[in-house]
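Hi,

Here's the model I promised to pass on.

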Amino acid sequence: MTRTGLPQLPTSPPWQRTAVVSGDNPASDPWFLSLDVGGTFTDLLVMREGDELLAFKSPSTPNSPAVAVFNVLAKAAAALNLSESDFLRRVHYIVHGTTLATNALIVGGGATVGMITTAGFRDVVEARRGYKNIRTSMYNIFIPPYEPIVPRFRRLPVQERVGPDGVVWQPLQESDVGRALEKLTSQGVQSVAVCLLHSYANPRHEQMIAEICREEYPGLYIAVSSTVLPIWGEYERFSTTVVSAYLGPTISGYLDLLQAGLQTRGFEGKLLILQSDALVQSPSASKARAVALARSGPAAAPVAALRAAETLGEGSSLIAFDMGGTSLDVCLIENGNIPQTTDGWIGDERVAARLIDVKSIGAGGGSLASIDMLGLLKVGPQSAGADPGPACYGRGGARATVTDADLLLGYIDPANFLGGEMRLDVDLAARAMAGLGAQLKLDAIQTAAAVYETVNATMSDEVALLASRRGVDIRDFVLVAGGGAGPLHAAAIGTRLDLETIVIPRFSGLLSALGMLAINPGVSSVRAYIKRMTDVDLQEMERVYSEMERSARSELGLDGVDADVLLRRSADMRYEGQYHEVEVDVGDIPRTTAHLAEIAEQFHERHGALYRFDLRFRPVQFLHLRLTVEVKTRLRTRLPVEAFDPPSGIRTRRATRFRQCNFDNRWTVTGLYASDELRTGDLIEGPAIVEEPNTSILVPPGFTAKLARECYVVRRGTP
Amino acid sequence: MTAGGPLAIADSARVGTLDVVSEATIWNTLQTICREMRALIHHSGQSFLIAQSNDVSCGLWTADGTTVAVPAGIPPHFIAGKYSVQYILSEYAGSIREGDVFLSNDPYRGYTCHAPDWGFFRPIFVDGTLRFWAMCRTHMEDTGAAVPGGYFSDPYDVHAEGLLIPAVRIISEGQEQLDVMKLIWNNIRLPENVRIDSYAVIAATQFGDERVRRLVAKYGWNRVEAAIASTIERTREAARASILAMRDGTYLGESSTDDDGVVHDVPVTVRVSVTISGRDLSLDFSRSDPQQRGYVNATEQTTYSMALAGLTLFLGPELADHQNEGLMQAVTVINPSGRVTHSEYPAPCGGAPINVGHNIIEAVMMALSQACPSRAAAGWGRRYGQYIFGHRPTDGKFFVYPGYEAEGGAGAVYGYDGYQGTGSIGTLAEIVRPNTEDIETRYPWRIWRREFRLDSCGAGRWRGGAGFVWEAENLGGHSGMNTGAGQGETTFGHGALGGHPTSPNSCVVIRGSERMIAKVHRTHFLEHGDRILKETSGGGGVGSPLERDSEEVRKDVFVRELVSLAAAIDVYGVVIDQRTGVVDLKATEAVRRTRARGI
């Protein structure tokens, strides 16, 4: 067995120099992969000890996502001159993130779900507390009604009733369960959500139903509300459970296929799946709680941003800025903490499970520009998507997009888009832009400049909004940019937000995949604990935390293993009578009333910071206890920067190739650099463009970029 | 500047020193500040209505009370907020200072829809000059009326509806005016609760102040001022262009509430004539019923708010994001006093957010649905709430339980069925409903049923959202139940273009084997073990039910389970085989043809 005894840990982390014997012995030189299945592309990063990262991209295959995974793996094997099995045999770990779940929620494609619920309450998930104005103004009533995942005819009641204190008001009528299951299965249901009132206080009835399901219909996927998310509040709990039931069969099927395919291709290492809370988990745990993958896609980019900044020593308050084809995912990291939320919506569904707090804004390369009825230029949120895509793709798209603007301004090389895999048509872009500009009495280039500015304004405003919501000053943050379009817009965003420093990691075109290489296995859990501070029984609280820890350890396969784990205990707290909670760090399990008093003090302070006032005269109450167990592996470490350790000093590089780019309506000769000709310590002066795999970094006039420890540091003026 | 429509303004990417990008950014930031103030109150407040239902509104006005942004909230709270600001400006001329906060809840002095809606106003100074007003308003848990709850249906006059605060300075240059506050706390039930919520609201105005100042610091006052002026102008011109696209003419709309709470069972009616002529639109409420003795009167400002809210639904989708002075400038409201739509002191107006507030929106929607049929919209499920008050058996504490669970969803609009489950029309679905688990934890009540009611959707080519069946049991002792916060037992929301109107709401108290009808606009008394059973209507329909896609009707019966097989044939004229669930297209066509000829 391994030294640490952890079943999911690398036997020999590749970048820990002491553990590596020699590069000549392939067996002791394991590789790590990160695989990011996005809507348009499937990205692969190959990390080999002491060698440069390798990036590969393959078009995604939405109907059968595993196909693209095997395609990109084959591409990597071929590039390394290895057979697929020789390649995969050297891989110890694959960390895998996927937008499969997110896409299923947004465009459909999940399972046929049935629901078993308390009689008299079967419309909770359709009436959904009356939420209508989620993404629309209250003054807009011309929107289609919400279509529930489980239509009413598949939401079946059972006689039972539990009260808020867990007392059974009415026992479960078991014959109702059999009848409901018979009806659901006869309708071809693949998955069942079990959702009863007050099950957070007493899960017995839900468990009984689940047992009947498992015994009588072993093929059914089952999601039980008291297991998926044992929180108070039936709408939020039921909705999350239904989402889990909807995603379960899809995720399970996909992961089964992936695991089998990897195995037949010779893979003997561990596959780890990225969860919405930026931890990784085994495939089996991911299948059991599929809602945990609801935001698997964008969860890794903030981690990449954090690791990049740590590597550079650039502080720990960051804006992770991942701008792709259709959207910008932005995450504000304060003091090294990647924020998480339980207030999330994905598509039209309320997901109350813990998600990385990433805001998705409809601003990406494919975002469409238009003139609204007030005569103002507007960019997004509508997108030209991958098909037809921007006008310059030449696939029939006639409307101007951000990518068309970037191209016309000279920021993108038409011959070298996606590493030359695709040629862009400047004339088509100009035609689309001129059509839009006619309404504004601007020519194509002026319009392109206005589109560039408008999308930057939209994005920077949204970023500023995130900061003000937290009560922090955005000017104290470092922008870490990535994604296909991010590095082209980062400097402009930085200027608008008055930021000093912009960091663009190498391989920032694959920011998510980069982040996945630095994520730990772990589990976050929650238990309802509704109690006034003065009524807390310390032993009872300890029992709840210990029970969560035990079940998390067992889920992580750490039973009986002396593993190095990080524990984060927190509590949702509020003033008695309030309806919303503030999450407060608890530290060790509280064993004294003095510790409880400290927690109360922290709560007052947090409340004051968030809401500008506290209410020290009111009793304080607990609502939920939370625990995150994270396994400390050397997976979570800095990227292999050692290979590029700089000779001392900074060298100013001069460009040898040039192109005309337009800045502030002026054409300017701009230097061009290929990323592989740059080394740590190199400094370039704007205007310049650095061509990275799958993206370009724009260094505007008056800016400089320095390559330091695998990142470009872009600043106004000299460094 | 006004000629040539909205596009003419944007004849260059730069207007004076202000570029369009900065203009849009400033405008969006101002709207966002309002939303953030509201989120702060929603997250830190303690009352059910604030923190669960989001009965909170926040807006920004210029120094002279021009409406800058009222993007999210409850229409009667804040669309007419400029009148409140102008009142404070005139009352306190010369003595408004940085760090002041004013509180007002008097419907006739400082203008509130009804006394429980407390508005907190903060003047925002930049470099010593008054530039903006922030206002946050919310429905307080108690306001010291003759009876707990906000909708007491039989008051003597407006004074019986609560302590009336005529815009007083409660914070003076940052100092809380404790003398005033003590007087206020002493005159309401649940003073500690209201105190907490007041602090949450005051904190939000402070937050708004910080954010607005930061915006001005970044762009400079001149550009911010220019951006506001330009946005208002663009909005006005876009609204006029929208009006130009409507059919010229005069259109009538009317809507009644069941009674005024004093004289029972005599409906009270709001009437509006909407006249459209080219780019001009006027809303005339002159023919509404006279001011009533009971609690169903609306002040002039309430009517203004509700009328504007109703009108905005019919303008373009982008104007839905531009509720500001420009929109108001595009419209004329004619509303003489002495009517239920413009009551005079001391007429009570406790019911105004619902009765006749909802009726004002409905009347406007009914009229405008004729002027622009392609944006026709039906009435929503009529609000049918109750305020239950009593003492919790566990700790003897007094509680007020504002019921917000039973009424139906939205009306249909041209092109779409009604949204399910939405909060009532007077809130434009900004109100969010409570979880049953929350109600059962807080109040001595057990809920037995809360689900859609079959055949409760107003029928139409597009049908309304469903009504509810709601049944609850009193686990506490003797309690009061006021049914002032509702209507719709004998009066109905409109259908449009041949769609059906809403149907009757009903409420029964079950005591042992006894069943007692509990009518709206009254106070009833409940005992331990009593059950309340409510059956409510959904929203109205748009277009003839005979034109509804037969496949949609099939789904209504077998998938959505909202329409019975009998109603499918009787109301929609769709023949479905009960056993196979298949639509008989031929038979359907025949039935529909016969019905359409009126045979």
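**Strand pairing and packing**

In chain A, strand β29 (residues 657-663) and strand β30 (residues 666-674) run antiparallel and are joined by seven bridges. Helices (H or I, at least four residues) and strands (E, at least two) are DSSP runs, numbered from the N terminus, and two strands count as paired if DSSP finds at least two bridges between them.

Before going on, some housekeeping: this is a predicted model, where local features need pLDDT of at least 70, side-chain atom pairs count only at pLDDT 80 or more, and totals for chains, interfaces and linings use all residues. Residues are numbered from 1 along each chain as its sequence is written, chains are lettered from A and ligands numbered from 1 in the order in which they are written, and side-chain values use heavy atoms, leaving out hydrogens and water.

Back to that pair: A:N662 has A:W667 in β30(A) as its bridge partner. β29(A) and β30(A) make a hairpin with two residues between them, and A:D664 in the turn has a positive phi of about 50°. β30(A) also runs parallel to strand β32 (residues 688-692) of chain A, with four bridges joining them; there, A:Y673 is partnered by A:V690.

Then there's an open sheet of nine strands in chain A, ordered β19-β14-β13-β22-β23-β35-β34-β31-β28, with mixed pairing. Its edge strands, β19 (359-361) and β28 (651-652) of chain A, each pair on one side only. Inside this sheet's order, β13 (residues 318-323) and β14 (residues 328-333) of chain A pair antiparallel over six bridges, and A:F321 stands opposite A:V330 in β14(A).

Cheers
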